[in-house]
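Student: I am new to this structure. Could you show it to me and then take my questions one at a time?

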Amino acid sequence: MASLDRPGELLIEAIRLTVNGDTHDLGVPSHYTLLEALRYVLGLTGPKQGCDKGDCGACTVLLDGVPTLSCILPVQEAIGKEVTTIEGLAAPDAPHALQDAFDLTGGAQCGFCTSGILMSAAALLAANRSPTRLEIREALAGNLCRCTGYTKIYEAIELAAAALREERMPAELKGS
Amino acid sequence: MKLEDFREKQIAGAASDEELHEALEREFQVIGRRLRRTDGLAKSSGRAIFTDDISLPGMLHAKILRSPHPHARILGIDVSKALELDGVHAIVTGSDVPETYGILPWARDEYALCIDKVRYVGDGVAAVAAVDEESANEALDLIEVEYEVLPYFLDAEEALAHPEMPIHEPKKPDANGNISKHVRLEFGEVDKLLEDSEVIAEAEYYFEGTTHTAIEPHCAIGWFDTSGKLTVWSTTQVPHYLHRELARVLDLDVAKVRVIQPPIGGAFGGKSEPFDLEFCVAKLAMITGRPVKILYTREEVFYAHRGRHPMLMRYRTGADKNGRIQAVDASTILDGGGYESFGLVTTYYSGQLITAPYTMESYRFDSTRVYTNKPCSGPKRGHGSVQPRFAIEVQLDRLAEALDIDPIELRRRNLLGSDTRTVNEFLVRSNGFLECLGAVEHASDWKDKYRQLPYGRGVGVAGSCYISGTNYPIYPNEMPQSAVQLQVDRSGRVAVFCGASEIGQGSDSMLAYIVSEELGVPLDYVRILAADTDFTPVDLGAYSSRITLMCGNACIDAAGKIKKLVKQAVADGWDCKPKQVALAGGWAFDVKDTGRKMPISEAFNLAEAKFGTLGATGSYNTPKDIHGDYRGGTIGSSPAYSFTAHVAEVEVDRDTGFVDVRKIWIGHDCGRALNPVLVEGQMEGSAYMGFAEAVMEQHIFKETGLHNAPSLLDYKIPTSLDTPELESLIVESVDPEGPYGAKEAGEGPLHPSIPAIANAIYDAVGVRIDRLPFTPPRVWMALQLRADREKAGALAPWKRESGRTPLPAAGD
Amino acid sequence: MLRLHPYVYHRPRRLDEALELLKEHSGDVLPIAGGTDLVPNMKHGLFAPGHLVALKGIDELHGIEERDGELAIGAAESLTAVASHPLVNDHFPALAHAASLVAHPMIRNQGTLGGNICLDTRCTYYNQTHFWRRALGYCLKKDGDVCHVVAGGTKCVAAHSADTPPILMALDAAVDIASADGERSIKLSDFFTADGMWNKRLERHELVTRVRIPLPSPKLHATYTKVRERKSVDFPLLSIALAVELDDSGVMDSISLIVAALGAKPRVIGGLDKIAVGKKPTDDIVEAVARQTYRQCNPLDNIIVEIEWRRAMVPVYVRRSFNAILAEPRATA
Ligand SMILES: Cc1cc2nc3c(=O)[nH]c(=O)nc-3n(C[C@H](O)[C@H](O)[C@H](O)COP(=O)(O)OP(=O)(O)OC[C@H]3O[C@@H](n4cnc5c(N)ncnc54)[C@H](O)[C@@H]3O)c2cc1C
Ligand code: SF4
Ligand code: FES
Ligand code: FES
């Protein structure tokens, strides 16, 4: 941080962030967004940057379970909340049903929108285990995907929902 | 794990006897099955490392200063103040990299940073490397550039008309410096056949430019190590060409330049040539001795562009009374923007690629690519041919109407067929277009819908054809277009080294499927190392839908060599003929007695003991000299052609002009679907992208030359709520040239979206919108005009009294 | 990436602290709620305050409750909360609907009702990067002295682009405003001005703390319609809020029609009482209302979609608004 020695301009704040269950005490430039803190300070590069101003959803993370655009969220707003990024979606021993389902249906092509989309989808499934196609489309209406035409993404979410309802991994539903 | 335990485990995971029996019945073990991708889980768990995710120790961040003028001469650049700023390590300007670059070797006209002139708002003039982005940004503000502002053109026809104000120096004295390329080709007697035609459709079409809008912005990192080796990580879909250009432009030994392409967040043609950032990070890294990264802002991505050319297309198409196409006469102006890019190829493609899937007695095109003071146009998914496809397919719809022939039937009557040549002499082998048409006709209930749906709702059909790679590489050479190297480990693991670019289309997975098919190893025993020029044999890159066909063939070639050795070694052990040995499901087994088998790793070990370390290379080169013998006949000549048909169903809001595309049925002949999941993904993604261009996307500029809306908020790409239902109908024609018969699926399926929607709008409300995109204001205006004519009695109300409407004359 | 300028981020717990901070740093401070408007604008260099005062952590700015014949909504309540809260849905489904039409799901999770009401006006020449605006030449609203929309114009006409204010106006809502110097409240219909630079009657050190809407009589029917290019994400190209009171015989006792996304101030269509009150919303009457509305609406080139079409859409959507109201089960009962 070259700007550090420009007195009066830059402020480094001591911030405690809880990300994917880990609590970090960090020194963060006060003007950082949560996305900058995640990617640059914590090295969590799962959340992506596609527009950096709220238009694309690639940077979506969960803030206390709520899908949130980290690129326009001042980092301080995450203090005292649970941040979940794509890296924290799965349990350590197996992929999350959504991840597995995306893999099965080809829901990720280039994969750049995927981490954001999975966060929106995870929040949807947490609240609704049997979403309709329309509910899925509405939940994803802020996450732009340029590769898939969305169809395989819907299929993946439906597959994951079925797996979660039946407490099975999608692989068991549909051979791999 | 001890080797024995590992063997046990491997055996437990391998195919059962029953499965092996079954395997013997099937043509393929892996090919054609709905499998996972090799990179799927890495991507869905956020672990795939994209270019901007890479951070190197001591890395500097750079920013490029861009021109605020659409056209200006650079009189001077003063970087002294910027250099003094804390944290700034180096600044480069055009004169630091004085060599031109460009994707086509005979048309290099760009500099890493402009030297004497800027040609669009956003053209780069200087680059700053600093300790962080903030400092680099601050430094940009301190660079002083003196410009002499020049007159500028935003409209191609206008630029064409003003050779006295050239955007580029004319290539020859007396030439128009605003013309980048002119092509005129004629096949057969167009004028005579037009005259003899029963009906002629004549209209002018305008395709507004669109851009790729991959969600990942371009990013590159350069690192020049103390041994004098340059490494560049880049979001490129053509690492090989970038490799060559970097060495040439920076005057480095090609062997000392390494290009690595990490996973890419979408490309669609927007990353298929070198860009300023790659040269800038390299040069700045060479100067500073530090790794340097540039990440474009979303705004800069719009300036880098290379998206679809705006095209003004004047078309006349004549047919006889049976609806057989007699003549097509096309005249096209392409708006190339500030530079050449792939311009020469685009200009040819704008004419060359519409001669299938229909027979035509005669064909002429006259295409002129013009420079304007806008970001450079280039190749976008369906390079050069999506625009004319819109024109020709709408023309066919008009002819069908004029002759009172169902438009699907009209297309059937003009079927090109297989093992034949197009009017411009391309050799077409497999052709599944008829099946594509049938599939969409059936699935969409076409017969019950066409002209039968109530006013406001309609269906439209369109067909298309696309290349599976080009027979000639971008720089002339005799070497293979694609190559694969395999390395086999004693554990049964096979590593694939290949220069091909995985850009989301699934090329890594395709290689793994082939290796798994050929060598019988489970998919998760295949590792892919792709697109790293230090380690992977050359593949020319992800463009023109070439990878499956070319790289796939190269991979089969390589795997075949290993397979032969393994079978031989096993056969020797079993004392049988090699052809009695099969490799599948993790085993080498006896086809006559599937009980006799050994784990594939054991088979590999036998082969290694017998023949030495197992490895092989394979390559593919395209058939040459199968194209027409005329200048330009090589361009568009492909080893195989894919075919597509769409039916689109729309609902048009009569009062507002909103077009709601309800559903698109996509019938696509991909040759063979190596993995149907991936093929469907390409078909859906393509149809989606075409739909988007049809109804909302427009890459347009304000009068001042500024981009209208360089953001993902204002440049509209569809959300999940906008995108229609998409139904993929795969057709497999099994091409003799393709790997297992495969052709392509990445670009072809985009082409019919736009004309199918245009034709559906006509079916719905009786207006032809010949200018893209079909935005509500445009559709609404057309509806107003039609209503006026209806009121004046010049037209009968559309579909309102009866199921059918009286037919207006052709060309109406 | 688009980097923000350095600032001090204050996170007061109490309203009075926030108000004190606003006063103390007057001229170099802005309140930030969800930040979904302010942060992109700061990334474009449109604002660069040295201090930001965060509102979301202030309890007094939260809560959705019924009291004294009104529904009160804290300014820092998220749009998702407004769209989904049972009290809002029971009393003012049209408001819930308007909130659900803002931007996209994440922005509704982050963005607040207060921020929506105080949303900066928008213009195609203004909501652009610093590079872009400098290349074009700055405009009146930021750093310049010309308007690119109205040649020779001396007044900024950037568009009011927020989705909830029009329907709140039609529902006769008021906002409570607080500053270190005291409190006041103002009807939302008096809140906005036609000045695109700063289109609200709100001092820079004041905060909107609460929105209050009188509980509706059973006669009230309201609807909000938004025209936009995409079905999600986009700001309105045109929006119409309509509220009518229908008596038992279906006669209109009152009418309020607001058209927004034209200029800096949502336009309250005048002269409708004479046309509509005391009458049933028959086709003829609706047509007369539509015509009257059309006459009073003149879109500008502050939004990039064709003016002529946007104007032509005014009567279309007036008719559709009436249709929506008349299609409600309660309206025909
Ligand atoms: C991609 C995108 C699409 C969008 N689409 C829409 C849309 O369709 N419709 C729409 O209406 N909006 C839209 N918005 C704008 C914005 O997200 C919403 O208007 C949102 O409600 C703003 O609320 P906020 O809390 O985030 O405001 P902030 O950004 O926090 O604040 C906005 C402004 O109001 C001031 N402010 C905030 N709260 C108060 C208060 N209590 N008292 C006084 N001043 C205050 C701030 O200082 C700032 O100037 C969109 C934004 C984006 C990025
Ligand atoms: S209306 Fe005029 S002054 Fe206001 S933001 Fe737009 S261009 Fe600037
Ligand atoms: S990067 Fe955050 S919304 Fe695009
Ligand atoms: S998979 Fe590439 S953007 Fe969605």
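Student: How far is an oxygen atom of ligand 1 from a polar backbone atom of C:Cys118?

Tutor: This is a predicted model, in which local features need pLDDT of at least 70, side-chain atom pairs count only at pLDDT 80 or more, and totals for chains, interfaces and linings use all residues. Residues are numbered from 1 along each chain as its sequence is written, chains are lettered from A and ligands numbered from 1 in the order written, and side-chain values use heavy atoms, without hydrogens and water. For an oxygen atom of ligand 1 and a polar backbone atom of C:Cys118, the distance is 3.4 Å.

Student: What percentage of ligand 1 does the protein bury?

Tutor: Accessible areas come from the Shrake-Rupley method with a 1.4 Å probe. Taken alone, ligand 1 exposes 960 Å². The share buried by the protein is 97%.

Student: Which element gives the largest share of the shell around ligand 1?

Tutor: Elements here are DSSP runs, numbered from the N terminus: helices (H or I) have at least four residues, strands (E) at least two. In chain C, E2, helix H7 (113-117) and E8 each give two or more residues to the shell. The largest share, three residues, comes from H7(C).

Student: Which chains surround ligand 1?

Tutor: A residue is near the ligand if one of its heavy atoms lies within 4 Å. Of the 35 residues around ligand 1, those that come nearest include C:Thr112 and C:Asp163. The site is shared between chains, because the residues that surround ligand 1 come from chains A, B and C.

Student: How far is a polar side-chain atom of C:Thr112 from an oxygen atom of ligand 1?

Tutor: Compare two pairs. A backbone N or O atom of C:Leu38 lies 2.8 Å from an oxygen atom of the ligand. For the polar side-chain atom of C:Thr112, the distance is 2.6 Å.

Student: Is C:Asp163 buried or exposed?

Tutor: C:Asp163 lies in the loop between helix H8 (130-136) and H9 of chain C. Buried means under 20% relative accessible area, exposed over 50%, partly exposed in between (1.4 Å probe, protein chains only). With a relative accessible area of 3%, C:Asp163 is buried.

Student: How far apart are C:Thr164 and C:Leu113 in space, C-alpha to C-alpha?

Tutor: C:Thr164 is in helix H9 (residues 164-170) of chain C. Its relative accessibility is 0%, so C:Thr164 counts as buried. C:Thr164 and C:Leu113 are 51 residues apart in sequence; in space, the C-alpha distance is 7.6 Å.

Student: Why do the buried residues of H1(C) lie on the same side?

Tutor: The buried residues of helix H1 (residues 15-24) of chain C are C:Leu15, C:Ala18, C:Leu19, C:Leu21 and C:Leu22. The arc is taken from the directions from the helix axis to the C-beta atoms. They sit on the same side of H1(C) because they cover an arc of only 160 degrees.

Student: How many residues of H3(A) are buried?

Tutor: Helix H3 (residues 114-127) of chain A has 14 residues. H3(A) is mostly covered. Its buried residues include A:Thr114 and A:Leu125.

Student: What is omega for the peptide bond from B:Ala356 to B:Pro357?

Tutor: B:Pro357 is in the loop between helix H11 (343-352) and strand E17 (362-371) of chain B. The bond from B:Ala356 to B:Pro357 is cis, with omega near 10 degrees.

Technical notes
The expected span of a helix is 1.5 Å times one less than its number of residues. A polar contact is a pair of N or O atoms within 3.5 Å; within protein, one must be able to donate a hydrogen and the other to accept it, and residues adjacent in sequence count only if both atoms are side-chain atoms.
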